[in-house]
Amino acid sequence: MRCSITRNTSCARWLPGLLVALAASGMAGAGPVAAANAPETAISADDANPASAANPANPASPTATPATPATATAASRTIRNGDFWRDTSGAPIYSQGGGVLKVGDRYYWYGVKYEEAVRYIEDRKADGASTKFNAVTAYSSLDLVNWTNEGEVIKVAAPGKIFERDAWLGRLGVVYHPRTKKYVLITQYGSKSAGNGVLFATSDTPAGPFTYHSLQTQVANVNGPATGDQTVFVDDDGQPYLVFSNSGERRHLYVAPLRASDFLQVEPATLVHQAPAGGREGNAMFKHNGLYYFCSSELHGWNASRSYYMTAASINGPYSPERLIEGTAADFSHVSQNGFFIPVTGGKQGMVLFAGDRWSNYAGNGDGYNIWVPLTFEGTAPVFHSLSEFSLDAKSGAWQAGKGNNYVRNPGFEADRVAQTGVAGWVVSWTNLKGPSPTVNVMDSRSGRWALTLAHDQHTMGSAVQNVTLPNGRYTLKAWVKSSGGQKVARLYAYGHGGPEAAVSLAPARAGWTEVTVPGVAVSNGSVQVGLYSEGQDGQWLKVDDVSLVAE
């Protein structure tokens, strides 16, 4: 989504506190890994943020009333997005393009480890030119937060063999066949020696290792020789389905059952939707209150995307018209792409985890590879809660915004993927005598790829503001800035929160990235406007990155 841009060509001075406001459109920031070096201890009621799904910290719209899960308990743990998750030994979790299988009370999380992912953690240099397969990993957990490394269940093989290093392997899932007693791994696979198709591998245990079984290069009734982005969905009766778009232009969306006798073949597919020009990827499915939800992202490659859904009473349709998942537009699904979904509880008060992939190793759009956030429901419509931190009780499905949650949406200006004068999640305004907007995102960042700049051409005034709905309390507003200095006015401020405006001057020259702080923002009316404002002359500029608004 591109936010509306307000332009005023008059030379009247603007009052930053009165700038146009953006209605809140989703809780900001979250993710599923606990402490870096050990499992996180239980969160007490005193430690948890009082906001919950019953009264969300930043609802997806001013009128949103998500379903109310039970109150979070001491059994909850904290999920943190925007960071590289760690397993219970403290090692980085490498799991992209995967899925989760529940076996008894234990969850098994499978995904792919790429060489570029390992390098990106070390040097933050994205490599979108190549993809090198290293392994399929498995992790297990009882609470969906603390994950134990179960090892590499498929390892890269020698060149010329299946699972070779230069192959593409990803978008995988694992299912269990009760009669053959085999765990079956299904994934996209493509290599020069083997061709492209759906690969099957089997194991006697959920923790592997998995052994290659076959490669299916064609699915009947599909427009093209191979699948586009795919995931595996298991229905209530235990029957698994492949959910996917066609390769190439990816406008055709399909559902296809796996062969009932052994789950080792994709049966003829049913076309359930033809998407508009641009196509769909990140195809995944979940079921809630008897409805099937077929979800997809826009076709943006490794980059973030808004997320869409359509529903049907039968898995083969007919499906409703495609709609945007509320809360995914302001920051493009918390700077991620549809990965898969984890039903946590059932019934009308149930919630579902949105498990998104952040392809930082290929797009360079910030830290972390996995973005997990709660979905709740307004009737049948899913609502995406864009949280940087939240607590989760996997047994009840209860969750709360975390004490360290950042309530600013798109705080690092990474969501848009390309240069924009109107950045997602923010309302950008300016006035100048001539020339283009002085407010634009640029590839000169403190983290990720992008930052925001307010660069002046003659006498100009520019701003970027965001209205945030959040629980009452005291907050600290921070940002990282660089500045030419000399501006008539340059400020980071908090306004309209029920108390006096709080601000810090950004006019002093800062050659390197420097953190500035506005403490003690006392919110008493459940909302606040955070904003950046600069008024200056030719050649003066201000750059901003990694804005945060966190409870004290």
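Predicted model: local features only at pLDDT ≥ 70, side-chain atom pairs only at ≥ 80, totals over all residues.
Residues are numbered from 1 along each chain as its sequence is written, and side-chain values use heavy atoms, with hydrogens and water left out.

**The whole protein**

Colour the protein by burial. Of its 552 residues, 60% are buried; that word means under 20% relative accessible area, while exposed means over 50% and partly exposed lies in between (1.4 Å probe, protein chains only). The protein exposes about 19,400 Å², and carbon and sulfur atoms supply 52% of that area. Accessible areas come from the Shrake-Rupley method with a 1.4 Å probe, and for residues only the protein chains shown count as cover.

Next, think about contacts, meaning heavy atoms within 4.5 Å. Among contacts between residues at least 6 apart in sequence, 64% join residues at least 24 apart.

**Helix H1**

Select residues 115-123 to find helix H1, whose buried residues are Glu-115, Glu-116, Ala-117, Tyr-120 and Ile-121. What covers them? The cover includes strands S3 (96-103), S4 (106-114) and S5 (133-141), together with helix H3 (360-363). Step just past the end of H1 to Arg-124, which takes a positive phi of about 60°.

**Gly-195**

Now pick Gly-195, in strand S9 (residues 195-203). Gly-195 is partly exposed, with a relative accessible area of 24%. Leaving aside neighbours within four places in sequence, Gly-195 is in contact with Tyr-189, Gly-190 and Leu-215. Leu-215 is 20 residues away along the chain, and 8.8 Å separates the two C-alpha atoms.

**A sheet of 4 strands**

Show strands S11 to S14. They form an open sheet in the order S11-S12-S13-S14, with antiparallel pairing. Strands S11 (227-234) and S14 (270-274) stand at the edges with a single partner strand each, so one side of each has no neighbour in the sheet. On average, neighbouring strands of this sheet are turned by 20° against each other, direction ignored. That angle is taken between axes, which are lines fitted to C-alpha atoms (for helices over the stretch in contact); angles run from 0 to 180 degrees between N-to-C directions.

Zoom in on S11 and S12 (residues 240-246): 6 bridges join these antiparallel strands. Strands count as paired if DSSP finds at least two bridges between them. Val-234 stands opposite Pro-240 in S12.

**Strand S21 and its partners**

Is strand S21 (residues 370-378) largely enclosed or largely open? Of its 9 residues, 8 are buried, so S21 is largely enclosed by the rest of the structure. Antiparallel strand S20 (residues 352-357) is joined to S21 by 6 bridges, and Leu-353 stands opposite Pro-374. Strand S22 (residues 381-384) also runs antiparallel to S21, through 4 bridges; there Phe-377 has Pro-382 as bridge partner. In the hairpin of S21 and S22, 2 residues lie between the strands, and Gly-379 takes a positive phi near 70°.

**The nonpolar cores**

Finish with the largest nonpolar core, of 61 residues, where Leu-144, Leu-353, Trp-372 and Val-528 touch the most other members. Another core of 24 residues lies apart from it, with Tyr-108, Ala-167, Leu-172 and Leu-185 among its members. Such a core is a set of buried Ala, Val, Leu, Ile, Met, Phe, Trp, Tyr and Cys residues joined through side-chain atoms within 4.5 Å.
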